[in-house]
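Here is a friendly briefing to read alongside the sequence and the 3D view. Have the viewer open, and follow the residues as they come up.

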Amino acid sequence: MRHLLLLIVVLLAGCAATRSFEKTPEQMMATLSTKAPTSSSVSQLSFKKISSFPFRSANWSSADWEILDENAQVYEVDGFKGYVLTYELPAVGRERIFGFTSLPTTSHIKTCGVFNPAFKAFDAEFKELAVFNDFPMNPQRGIFEGRFPLPLQAKYLIIHTTREKLQKSGTYVHRSNEGGMWFSSTVANPILPEGAFRISLE
């Protein structure tokens, strides 16, 4: 009987997870609208420390992605409230290059959407040093990716998005092989308030 109850609990948890994995962009925005900001200033945010250098997400497995969803911190950046990823960067005495790939996650398969990121770098006193926000979508893969040099004094990095980015629609060319023949089709790829990242610091 005990094992049966445990099985039921596991199945119910799986069903709940499945439903959350099928959120539409509208449902994501509705959830975000109910969230209160985690902090009122950058200094009050919780930062994930990147302790090794160079650093690179282990592989392409979703278990190694940096997930940005309704469980993330919420912060208002330039007048827009959204989910954020935050990092404390190692000091290495030379220029560091931050790289990223913004990917559709398993929770976005239904919508085929992606997160269009922007980045802000801060020094040890949380003074803003630089902004990086112009990354074109890869039209063949439906993702955003890029690399940029961080200021030498940069100690903290925030990943966020903007109201303007969320209002832009996107498409990408999906290629499939059927019977040895390649076919291409243009697929809608909405910009989402949630996403997942593979990152590197070199």
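Asp-78 is exposed in this predicted model, with a relative accessible area of 64%.

- The side chains of Asp-78 and Lys-120 meet in a salt bridge, with 3.3 Å from N to O.
- This pair links distant parts of the chain, 42 residues apart: Asp-78 sits in the loop between strand 4 (73-77) and strand 5 (80-88), while Lys-120 belongs to strand 7 (residues 118-122).
- Lys-120 also forms a salt bridge with Glu-128, and here the closest N and O atoms are 3.1 Å apart.
- Glu-128 is partly exposed, with a relative accessible area of 41%.
- Through shared partners, these salt bridges join Asp-78, Lys-120 and Glu-128 into one network.
- As background, side chains of opposite charge can pair when their charged atoms come close.

**A salt bridge between strands**

- How many salt bridges are there? The count comes to four.
- One of them pairs Lys-48 with Glu-66, whose closest N and O atoms are 3.0 Å apart.

- Asn-116 is found in the loop between strand 6 (96-103) and strand 7.
- Asn-116 has a relative accessibility of 6%, and because the limit for buried is under 20%, Asn-116 counts as buried.
- The side chain of Asn-116 makes a polar contact with the side chain of Lys-165, at 3.3 Å.
- Setting aside neighbours within four places in sequence, Asn-116 is in contact with Phe-135, Phe-144, His-160, Thr-161, Lys-165 and Ile-191.

**Ser-200 in strand 14**

- Ser-200 lies in strand 14, which covers residues 195-201.
- Is Ser-200 buried or exposed? Ser-200 is buried, with a relative accessible area of 6%.
- Not counting residues up to four places away in sequence, Ser-200 touches Phe-55, Arg-56, Ile-97, Phe-98 and Gly-99.
- Ser-200 and Arg-147 are 53 residues apart in sequence, and their C-alpha atoms are 8.9 Å apart in space.

**The chain overall**

- The secondary structure comes to three helices and 14 strands.
- The chain has 202 residues, and buried residues make up 43% of them.
- Of the contacts between residues at least 6 apart in sequence, 76% join residues at least 24 apart.

Note on methods:
Residues numbered from 1 in each chain as written. Predicted model: local features only at pLDDT ≥ 70, side-chain atom pairs only at ≥ 80, totals over all residues. Heavy atoms only, no water. Helix = DSSP H or I, 4+ residues; strand = E, 2+ residues; numbered from the N terminus. Buried < 20%, exposed > 50% of the residue type's maximum accessible area, 1.4 Å probe, protein only. Polar contact = N/O pair within 3.5 Å; in protein donor to acceptor, adjacent residues only side chain to side chain. Contact = heavy atoms within 4.5 Å.
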